Structures are given as structure tokens and as C-alpha cells.
Amino acid sequence: MKNIKLLKLYKNSEIFKIALGIAIAVVCYIASVFYTQMRSLDSSVNLIANATETQLELEKVLSIISIYETNLRTYIITKDESYLENRFLRKGEIESNLKEIDKLVANNPTRVKDVKRLKGLIEYRFALFRETLLLAKSKNPNSAALNAKLQESNDFTEIMKNFVYKTINAEGDKVKIHNDNHQFELEDSMISAFLLVILSLLILLLSFNKMNVDIAELKKTNDELKFLNRSFNNAEKIAGFGHWKINLEKDTYTYSDNFFRLIGLEPQSFTPSLENISKYIHPDDLEYVTRMHMDSLRTHKPTSLMYRFVLPDGEIKYIMSVGSFTKNGKGESVKTGVNYDMTDQFKKTIELEENNKELKSINEELESFNNIVSHDLQEPLHKIQMFISRIESKEMDGISEQGKIYFSKIRTSANKMQTLLIDLVNYSRTIKGDKVFEDTDLNGLVNQVIDELSSNIEDKNAEITVGDLPVVKAISFQIEQLFINLITNSLKYSQEDRAPKISIFSKNIEENEIYDNEIISNEKYYKIVVEDNGIGFKQEYAEKIFVLFQRLETGSKYSGTGLGLAICKRIVDNHDGFIKVLSEPNVGSQFCVFLPKKA
Amino acid sequence: MISHEDSMRILIADDDEDDRTFFSDAMMELKMNNNLTLFNDGKELMDYLANPDIMLPHLLFLDLNMPRKSGFECLKEIRADLRFKDVSIAIYSTSSSEKDIEETFIEGANIYIKKPNDFNKLKKVIKEVLNVNWQFHSSGLNKETFFFSI
Amino acid sequence: MKLYIKYDGIVACRVILQEQLERLNIKHKLLDLGEIEISDSVSDESFAELQDSLSRYSIFIVNNEKSQLIQKIKDTLVEMIYENDKLPAITISQYLSEKMNFSYGYLTNIFSDNTHSSIENFIIIQKIERAKKLIIEDELTLTEVSYKLNYSSVAYLSSQFKKVTGLTPSTFKRIVDKRRSLSN
């Protein structure tokens with residue numbers, strides 16, 4: 001964790017800049033420390049040199065005095081004049097040394113005093129030399145005086161020597177102290193130098209590393225960009241669109257390669273400009289396009305235009321052009337956009353619209369056909385039935401037995417036709433009718449249905465039980481029709497030897513059932529069951545029976561129009577629900593209606 | 001003002017001759033002592049009603065599908081005229097479309113009858129309609145909410 | 001000059017009755033001879049006036065106890081259905097016989113004989129009439145209405161409503177609403 005954090009810090013250029021700043025500050029600090037150390041080293045070296053030289057010069061002075069002494073003694077002994085010539089009291093010899101010493105001790109007041117004293121001593125010694133020489137040179141040598149003088153000179157030289165040695169020692173001590181300091185400072189400056197080097201190396205290394213990392217990233221980004229660019233160009237080609245860019249400040253146009261290909265030209269076959277591209281826009285659309293474009297340049301509002309291009313070969317293409325305004329990297333306003341070849345879609349849309357129109361007119365035809373069926377056919381049928389009922393109630397006496405049978409057959413057929421017509425009307429209403437979804441109390445509805453079918457129910461001596469049913473959002477009259485059909489079926493297809501038992505109840509969806517690739521679960525659907533103990537049918541027909549006009553039973557015993565269950569399915573479809581059936585011959589049937597819980 | 005007749009005055013407008021016959025036969029067989037007038041179509045009916053001197057009918061049966069003036073149009077016109085505010089109007093049609101039924105009630109019909117296909121049923125229906133209508137009149141029930149669909 | 005007149009007394013009476021009733025704006029239906037059915041809402045003054053005017057023709061209104069009784073039954077039932085906030089828990093038969101001090105059997109017979117309709121039927125019609133009023137007022141839900149009118153469930157109210165009017169309560173409401181918006 002810490003490593004990652006550090007790494008992140010490392011990568012973060014801000015932190016890095018700060019770190020670099022600190023590092024440089026530290027280096028400067030150490031460098032300045034080093035410099036001061038060097039300076040002090042320098043001065044201590046100077047001091048040592050100074051002291052040593054002072055010592056030397058002082059020694060030189062002493063040695064000159066010694067030489068003078070020796071030469072004088074030698075003269076006194078040998079009386080050789082040559083020892084006095086260039087080796088005795090030479091003018092300026094000691095002076096130059098003393099000057100040197102003066103220079104050397106200029107900064108040290110104590111030493112200056114000492115040198116002054118020394119100079120005095122030298123003066124006196126010279127005076128003694130001169131006196132001694134005088135004595136030695138006299139015709140009347142006074143050896144006692146000479147000896148005394150020599151003795152005095154010796155003593156004085158001794159004194160001078162002591163003095164000088166004292167000074168020399170003092171300088172020597174100074175040298176020692178400075179030497180020690182010098183050692184310290186040398187060590188310190190070595191450490192500083194070392195630190196300096198290490199830090200500098202570190203900074204160098206880190207910077208180098210970071211630079212490498214950054215370069216690597218840049219390269220990666222660059223490569224990605226290159227790749228993107230290539231794929232983009234490819235994509236343009238494949239998808240059939242081209243892009244363009246207008247730099248508003250410079251008034252320059254840029255078109256992508258595919259832009260040209262879209263209008264049937266070689267890439268970059270003309271200089272991109274409004275004038276040049278206008279040559280290819282369909283003359284009828286040109287004014288509109290130009291106007292919209294120019295307006296947008298003023299208002300900087302995005303444009304979305306569809307217009308035609310006329311290709312060099314005369315082909316017409318429908319292009320959708322979308323553009324919007326933004327600023328480029330330099331802050332200049334640009335309009336960028338995409339042109340998309342819509343020709344196929346356009347053609348398809350037109351086709352669709354035409355198909356739609358056709359469908360509409362077919363629908364209208366069907367509707368009027370429907371109207372004929374539901375109204376105009378019912379009228380004559382109604383008459384037939386009425387007249388039959390008149391004849392049967394009034395005129396039967398005058399008709400033969402055979403005639404009566406014929407009439408009853410006519411009546412049956414007419415009733416059948418009536419049922420079929422009613423069913424057809426019901427079916428068309430489930431397709432067309434006003435679809436008003438409202439909260440429908442299923443219990444109330446079912447009870448109403450039972451009321452309406454009460455005579456039929458009594459005839460068959462049927463027993464109907466209704467459980468607790470939910471309130472659903474539904475088209476009331478359609479759901480009513482649904483139950484009418486289901487219950488009527490159960491009554492119709494009942495077994496001869498037993499009284500029909502019909503139960504209508506709501507059930508929880510236990511195992512999630514699957515229908516049409518969708519899971520039907522308790523949360524989403526109500527399950528309402530209409531169960532009977534009728535004649536049933538083979539389960540393999542479970543889907544077929546919902547098909548329009550499909551009937552399983554033929555024969556007059558069970559009359560049906562083949563519409564009832566198709567209507568049920570239609571109604572359930574209208575509610576986004578499902579209907580399924582489980583059945584077994586001679587046992588009964590169980591119709592399951594699934595209605596969605598939310599509308 | 002309902003005037004001096006000893007029975008209910010009933011008007012029926014139906015363009016179909018047979019239907020008119022059925023209706024009058026049924027009324028006759030019911031022996032309910034009513035005064036029945038038949039009209040061949042809507043226009044005839046409205047012309048008759050336009051006359052201010054007529055005696056107001058108690059009950060009016062209108063077939064929906066009539067040429068020249070449909071039952072629906074007659075309904076609207078009659079209800080627009082306050083003279084007939086106490087007249088019960090029954091729409092009489094082969095259509096059993098819920099939408100049609102509701103439309104007629106909304107426009108002011110009181111009764112809607114689906115033409116039955118059996119003569120005996122027709123008699124029953126008429127009898128019940130007349131009964132219900134009388135009950136409303138005699139019990140002082142609210143005209144505005146008098147609806148009966150059969 | 002002499003005029004010879006042939007007349008039908010019965011018809012003449014009828015005409016007089018009609019004229020008088022119409023003059024006083026009393027809705028009526030002339031039944032068998034000697035019987036006129038009039039709407040219940042006739043004020044005492046109109047009644048008195050009627051009696052008055054008829055008496056000039058020597059036509060008198062017979063104070064028929066039966067019809068008064070029937071009227072009382074109707075009034076009692078209407079009161080029961082309308083005025084109480086919730087219908088009484090006891091049965092109709094108990095209620096009526098207690099209120100009117102006659103046996104229920106007697107009351108039903110008189111009612112049916114004279115009105116060609118049963119007490120039950122009358123009650124049902126009146127209840128549905130009140131239901132209509134409540135539905136239009138729109139202050140109660142259908143469940144509350146059915147409770148108020150002593151139906152065991154909404155389903156039962158709906159089913160009776162449909163029997164009487166041929167429409168469901170919701171259809172009824174829809175029609176009334178649409179009618180109202182039409183007239184506005």
C-alpha cells in the first residue's frame with residue numbers, strides 16, 4: 001500500500017516539482033556550507049603558511065646575526081679583512097628580511113609590537129657589532145674590553161635568540177592550533193562534499209528516471225493516438241461517414257478522406273472550402289444548406305441538416321450532416337461535424353411510409369367490412385329469427401310434422417349464424433375497441449357474468465364456486481367477455497353424466513413458469529384459474545385450441561364457432577398477459593390466465 | 001302538459017316495416033291499453049313533434065339506424081327541446097356495442113333496448129320497459145339518472 | 001229548439017277527471033273505472049283543490065284506506081332507505097311490521113294487489129335510486145356506498161345495480177359524468 005502511494009507520489013509531477021525544489025535548495029545549502037568551509041580552509045592554510053614563513057624569516061634574521069657573529073669572531077681570530085667585506089653588516093640584508101617580516105605580521109598587532117622590539121634589539125646588536133669591531137680594529141687591542149664586549153654581544157645575542165625563539169614558538173603554537181582546526185575543517189568539508197555528490201547523483205538519477213517514465217508514457221499515448229486515428233479512419237470508411245472541421249478564425253476548411261469518398265471523389269481531390277463543396281450539393285437544397293450553415297456560424301448553434309449530394313456520376317445521395325461548435329487547442333473557435341450517408345435509410349423510410357399507407361387503407365377496408373358484418377348482416381338475420389319465432393308461436397298448427405322439423409332446423413341454423421356473428425363482432429371489438437384500462441374488481445365481474453349466464457347455468461345444473469380474486473387494471477368489458485367465453489365453454493363442453501362443476505380462483509405462481517422466454521413470477525403476474533370437470537381434450541392440442549376458427553370436436557353435440565378461445569387469447573394479449581391450458585380427456589380442463597400486476 | 005288520454009302515448013320510429021309490425025303486434029298482444037303511433041323514419045317523427053299542438057308522448061322508441069335522420073340525431077334534437085323534458089326516450093337497436101349504448105345514454109336516452117330475436121322475448125322486453133318507465137313516473141324518481149338497459 | 005243528446009257518462013267522467021288533473025298539473029294514469037293512479041308527490045293543497053273541483057261534478061275521491069296504507073308503506077320504506085345513515089340491521093319485515101303495527105304478510109299482500117309490484121321490488125328500486133344519488137355525489141367509494149345501503153358486498157350491489165338498470169355502477173358514473181361535461 002505504502003509503495004503504491006509512494007509510486008503515485010513519484011508519478012505526480014506536482015509533488016515531483018516540489019521535491020525537486022527542496023532537493024535543489026538542500027544542494028545549494030550544502031554547497032554554500034562547502035564553500036564557506038573551503039574559504040576557511042583556505043584562510044587557515046594561509047595562516048599556517050604565514051606563520052611558517054614568519055618563523056623562517058625570523059630564523060633567517062637570527063642566522064644572519066649568527067653569521068655576522070661568526071664572521072666577526074673569525075676576523076678577530078684571523079684578522080682577515082675578507083671576512084668583513086661582503087659578509088658583515090651588509091646593508092639591506094637584514095632590512096629586506098625585516099620588511100618581509102613586517103609584511104607577514106602586518107595583521108597581528110602583538111607580532112608588530114614584537115617585531116618592533118626585535119628591530120630595536122637588532123639595532124642594539126648592530127651597535128654592539130660596531131663597538132666590537134671598533135675595539136677589534138683598534139691598534140691597541142684591549143682584550144679585556146674586547147672580551148667584555150664579546151661577552152656582552154653573546155649575552156645579547158642570547159637574549160635576542162630567546163626573544164626570537166619565543167616569537168617563533170608563539171607562531172609555532174598558532175600553527176599547531178590552525179593545523180588542528182585545519183584537520184577538522186578538512187573532515188567536515190569532506191563530508192559536505194560527499195553529501196553534495198550523493199544528493200546530486202540522486203537527483204540526477206531520479207530526474208532521469210522520471211524523464212524516462214514520462215517519455216515512455218508519452219510514447220504510449222502517442223501510439224494509442226496513432227492507433228485511434230487509424231481505427232477512426234477505418235471506422236469512417238466502414239460506417240460510411242466522413243468528418244469535417246471549419247476553423248472560424250482562420251476560415252479554413254478540413255475534410256476527412258472518407259468525406260470525399262462519400263461523395264464519390266478521391267480523397268482530397270479539391271481544396272476544402274464552402275465554395276468547392278457547394279458544387280456538389282443538390283441545387284434544390286443548396287440555398288437552404290448554405291443559409292443554415294451561415295446562420296450557425298453567426299449564432300454558434302449546432303446544426304443538423306439532411307440534404308442531397310449529386311455525385312459526379314449523377315447518383316444522388318442523402319447525407320445527414322451534424323455539426324457543433326467548440327474551441328480547439330489554441331482556443332480558436334471551430335465547427336466540427338460528421339456527414340453520414342443516409343441514402344439507404346431514407347429509401348427504407350420511404351418504403352416504410354408507403355407500406356404504412358397501404359396498411360392503413362387495408363385496415364380501413366377491413367373496418368368497413370367489419371361494420372358490414374356486424375350491422376348489415378345482423379339485420380336480415382334478426383328478421384329471419386323473428387319471423388321464425390312468429391311462425392312457431394302462431395302458425396304451427398297449419399304445418400305438418402315434417403314442416404315443423406324443417407322449421408326447427410331453420411331456427412337452429414339461424415341461431416348458429418347469430419352466435420357466429422356475435423362472436424365475430426366480439427372478436428373485432430377486442431382488436432379495435434376502446435381500450436380503457438380501469439381498476440376492475442374481478443369478483444364483481446365474475447359474479448355478474450354468472451348472473452348473466454344464470455339460465456344456462458341452471459339448465460345444466462352447474463355448480464360454480466368463485467374464490468377470492470384480485471382487483472386488476474383491465475379493460476372491463478374485455479375481461480367480462482373473457483370469463484363469459486371460458487365459463488360458457490365449461491358449461492358447453494360438460495360431460496353428459498355429471499353436473500358441471502366449475503371453479504374460478506386465484507392461485508400463487510409456485511415454481512416460476514416460463515413462457516415466451518420470459519419468466520412468469522408471482523411478483524409480476526396474477527394467476528387466475530377457471531377449472532372444470534368437463535370432457536377435456538388431449539394436452540397436445542393445448543396450443544391449437546387458441547387458434548382462430550380451430551375446433552377440436554365436430555358433430556352437433558358440441559356446437560362451437562371456433563372463435564371463443566381465440567377471443568380469449570386476444571383479450572389476454574391486449575392486457576400483456578398469457579393464457580395456458582391443462583387438460584385431460586374425461587377429466588376436465590384447467591384454463592390459467594396470467595395478468596400482469598402492473599399495467 | 002300531459003293531456004287527456006287514458007293510456008300511455010307511445011311513439012315509435014323505425015324505418016323497417018317488419019320491425020314496426022313486430023312491435024305493434026307485440027303491443028297488441030300485451031293488451032296494455034296503450035296508444036301507439038308508428039313513424040317510418042326520423043324525419044317524419046321530428047316533423048310530427050315539431051307541431052306545438054300535439055299531445056306529448058309518454059314514451060318514445062327510436063331505432064338507431066334510420067336513413068335521413070338517425071335515431072341518434074333525433075335523440076339529440078329532442079333532448080335539446082325542453083318541451084320534451086319529461087318524455088322518456090328508448091333507443092331500440094340491433095347493435096349491442098357498449099360504446100353505442102353509453103353514447104345514447106350520454107346524449108339523454110333513458111332506455112336502451114337490444115332488439116331481441118324472438119317474438120316472445122320482444123313482448124317480455126316491451127312489457128318490462130313499460131313497467132319500469134311507469135315506475136319512474138309514478139315514484140317520482142330522478143329523471144336525470146333514469147337509465148335502463150336491456 | 002231542442003237538441004237530442006246521446007252521451008256516455010263514463011267517457012264524460014273520464015274527460016272531466018283528466019281535465020281537472022291536468023289543470024292542477026297532477027301526473028296521472030287512469031286505470032280501471034273508479035281508479036286513478038297519481039304520482040305520489042301531490043301536495044295537500046292540490047289534493048284539496050282537486051277534491052273541491054271534482055265535487056262540483058259530483059265526483060268524489062273515496063278515501064281508500066288501502067291506498068293510504070300503501071302510501072304509508074312506501075313512505076316508511078323510503079324513509080328507511082334515505083334518512084337513516086345506515087340501514088337498520090333488522091329485517092325489512094320486522095321493521096315494517098313494527099313501524100306500522102301490521103303483520104308483514106298483510107302488508108305485502110295489500111302492496112302487491114294494488115301496485116302490481118312487490119315490496120321487495122320497491123325496496124330494491126329505491127335502494128338503487130339512492131345508490132345512484134350517492135354515486136353521483138362522489139363523496140363515497142363504491143364499497144362505502146354498498147355498506148351504507150346494507151349490501152353484503154360491493155359485488156352484490158353491482159349485481160343488483162346491473163339487474164335494475166342494465167348498467168354497472170362504474171358505467172353509470174361514467175355516463176353521468178360525460179353527460180354533465182356535455183351540458184357544461
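Mentor: Buried means under 20% relative accessible area, exposed over 50%, and partly exposed in between (1.4 Å probe, protein chains only). This is a predicted model, where local features need pLDDT of at least 70, side-chain atom pairs count only at pLDDT 80 or more, and totals for chains, interfaces and linings use all residues. Residues are numbered from 1 along each chain as its sequence is written, chains are lettered from A and ligands numbered from 1 in the order written, and side-chain values use heavy atoms, with hydrogens and water left out.

Trainee: OK, is L420(A) buried, exposed or partly exposed?

Mentor: Start with where it sits: L420(A) is in helix α12, residues 401–432 of chain A. Helices here are DSSP runs (H or I, at least four residues; strands are E, at least two), numbered from the N terminus. The relative accessible area of L420(A) is 33%, so this residue is partly exposed.

Trainee: Which residues make a nonpolar surface patch with L420(A)?

Mentor: Patch members need over 30% relative accessible area and no salt bridge; like charges are joined within 9 Å, nonpolar side chains (Val, Leu, Ile, Met, Phe, Trp, Tyr) within 5 Å. A salt bridge is a side-chain nitrogen of Lys or Arg within 4 Å of a carboxyl oxygen of Asp or Glu. The patch covers about 310 Å² (Shrake-Rupley, 1.4 Å probe; for residues, only the protein chains shown count as cover). Alongside L420(A), the members are V547(A), L548(A) and F549(A).

Trainee: And how many helices and strands does chain C have?

Mentor: Read chain C from the N terminus and you get α-β-β-α-α-α-α-α-α-α-α. That comes to nine helices and two strands.
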